[in-house]
Amino acid sequence: MIFAGRMLWSPEPDADAEWTSGSWRIGATGIHRCDSDAPADLTGYAIPGLVDSHCHLGIGPEGPAGPDARRAHAEATVRSGVLAVRDCGSPVDCSDLEDLTVAPRIISAGRHIARPRRYIRDLPIEAEKPADLPRLVAEQAASHPWIKIVGDWIDRSNGADSDLDPLWPREVLIDAVAAAHDAGARVAVHSFGRRTVDDLLSAGVDDIEHATGMDEDQAAEAAARGVLVTPTLLQVELFSDFADQAGAKYPVYARTMREMHALRREHFAMLVDSGVRLLMGTDSGGYQEHGTILREMRLWRERGLPAGDVLDAATWRTRRELGLPALHEGAPADLVVLADDPAERLDALAAPTAIIARGAPLASA
Ligand SMILES: [Zn+2]
């Protein structure tokens with residue numbers, strides 16, 4: 001199959017992608033530049049397959065889901081143009097999905113690790129004692145390239161004074177991150193509040209999820225250390241709902257969540273200005289439906305990021321941070337073809353001309 005037009009193309013595997021005109025041959029052996037006189041099967045604008053660095057395949061609105069629902073999650077994901085995901089904690093083994101014809105590449109972060117009653121029920125592996133964390137991390141790291149730790153959550157044992165609190169002492173986090181790194185795994189940590197962040201930075205985590213409480217100094221530190229941040233703006237939109245649900249019973253926690261919700265626009269602008277490396281992630285599964293990356297991208301756009309920058313984040317930049325190829329000579333042919341320039345108009349992504357996974361176009365639904 002030949003594509004002719006403009007492609008978000010990397011001249012070298014590690015080089016930044018740039019819009020490039022030309023013709024490319026696309027197939028199971030990958031993507032290769034070719035002579036422009038070959039007749040084209042597809043024309044328009046081509047971008048690397050989108051990537052979602054924070055989703056939960058296998059989790060639906062009711063929690064852990066069966067095989068049919070899991071397949072539906074994978075299909076909705078691919079039909080949104082997302083051809084690779086980091087599954088950021090799921091209680092069910094989703095490795096069977098990779099055998100489907102319609103499935104994203106999956107980078108697994110194993111199961112969430114939390115403490116008893118300190119995360120969503122039924123999802124995490126629970127550490128009876130905080131000191132168990134390094135051992136639990138080592139167990140997950142034996143079979144997953146990423147680890148997902150819950151860094152903070154409401155501690156309801158404090159009654160009406162309950163607030164968002166860290167789950168782990170700093171020393172335990174330091175040992176846990178070292179255990180993951182020794183096993184060759186990277187560490188992503190759920191963190192809503194500010195008080196967790198210094199411990200995470202000291203422990204040397206690789207990626208902070210949500211990061212709504214991260215202040216300016218912490219963001220500068222994260223940028224200097226190369227710590228990744230996944231801002232999950234769709235999820236932050238729900239903080240006022242979380243506050244309403246906590247309501248009268250947990251007024252302190254409700255206030256904490258409401259404050260972060262009220263400041264979410266300024267906070268995202270601060271993260272962008274800090275130079276911290278931001279990953280595109282939807283938090284699909286649970287609160288968000290699967291296949292919602294365009295909604296997440298629109299929020300980044302609404303918060304002031306140019307469409308081209310949003311597109312870069314959703315494609316080659318997040319791919320690079322996760323160790324996934326973008327589009328370069330000989331790379332796997334995972335791409336999305338659009339009629340209009342998505343760097344001008346993100347909504348072109350709502351109706352792709354073709355979604356090509358591993359060199360084969362997806363049959364239309
Ligand atoms: Zn999540």
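Mentor: Buried means under 20% relative accessible area, exposed over 50%, and partly exposed in between (1.4 Å probe, protein chains only). This is a predicted model, in which local features need pLDDT of at least 70 and side-chain atom pairs count only at pLDDT 80 or more, while totals for chains, interfaces and linings use all residues. Residues are numbered from 1 along each chain as its sequence is written, and side-chain values use heavy atoms, with hydrogens and water left out.

Trainee: Which residues are the protein donors of the zinc ion?

Mentor: Donors are N, O and S atoms within 2.8 Å of the metal (3.2 Å for Na, K and Ca); water is not among the atoms, so sites may look incomplete. Here the protein donors are His-54 and His-56, each through NE2, and Asp-283 through OD, lying 2.1 Å from the zinc ion. Along the chain they follow the spacing H-x1-H-x226-D. His-54 lies in strand β5 (residues 50–55) and Asp-283 in the loop between α9 (264–274) and α10 (293–302), so this pair ties together parts that are 229 residues apart in sequence.

Trainee: Is Asp-283 buried or exposed?

Mentor: Asp-283 is buried, with a relative accessible area of 7%.

Trainee: How do I read a helix such as α1?

Mentor: First, what counts: helices (H or I, at least four residues) and strands (E, at least two) are DSSP runs, numbered from the N terminus. One check is length, where the expected span is 1.5 Å times one less than the number of residues. Helix α1 (residues 67–79) has 13 residues and should span 18 Å, and its end C-alpha atoms are 18 Å apart, which agrees. After α1 comes Gly-81, with a positive phi near 95°.

Trainee: Which residues of α1 are buried?

Mentor: They are Arg-70, His-73, Ala-74, Thr-77 and Val-78. The arc is that of the directions from the helix axis to the C-beta atoms. Seen down the axis of α1, the buried residues fall within an arc of 125°, so they line one face of the helix. Contact means heavy atoms within 4.5 Å, and the buried residues of α1 pack against β6 (59–60), β8 (82–87) and β19 (354–357).

Trainee: What does Arg-70 touch?

Mentor: Arg-70, in helix α1, is buried with a relative accessible area of 10%. Leaving out residues up to four places away in sequence, its contacts include Gly-58, Val-92, Asp-93 and Asp-96.

Trainee: What covers the buried residues of α9?

Mentor: The cover includes α5 (216–225), β17 (228–230), α6 (233–236), α8 (251–262) and α10. The buried residues themselves are Arg-264, His-267, Phe-268, Met-270 and Leu-271. They fall within an arc of 155° seen down the axis of α9, so they line one face of the helix. The face turned away from this buried side carries the exposed residues Glu-266 and Asp-273. Just after α9, Gly-275 takes a positive phi of about 85°.

Trainee: In what order do the seven strands of the open sheet stand?

Mentor: Two strands pair if DSSP finds at least two bridges between them. The order is β3-β2-β1-β4-β18-β19-β20, with mixed pairing. At the edges stand β3 (30–34) and β20 (360–361), each with a single partner strand, so one side of each is left without a neighbour in the sheet. Strand β2 (residues 18–27) runs antiparallel to β3, joined by five bridges, and Trp-24 stands opposite Arg-33 in β3. Helix α11 (residues 307–321) packs on the sheet, touching β1 (2–9), β2 and β4 (42–48), and its direction makes about 60° with that of β4. Axes are lines fitted to C-alpha atoms, for helices over the stretch in contact, and angles run from 0 to 180 degrees between N-to-C directions.

Trainee: How is the open sheet of six strands paired?

Mentor: Its pairing is parallel, in the order β11-β10-β12-β15-β16-β17. Two bridges join β10 (residues 112–114) to β12 (residues 146–150), and His-112 stands opposite Lys-148 in β12. Helix α2 (residues 133–141) packs on this sheet, touching β10, β11 and β12, and its direction makes about 145° with that of β12.
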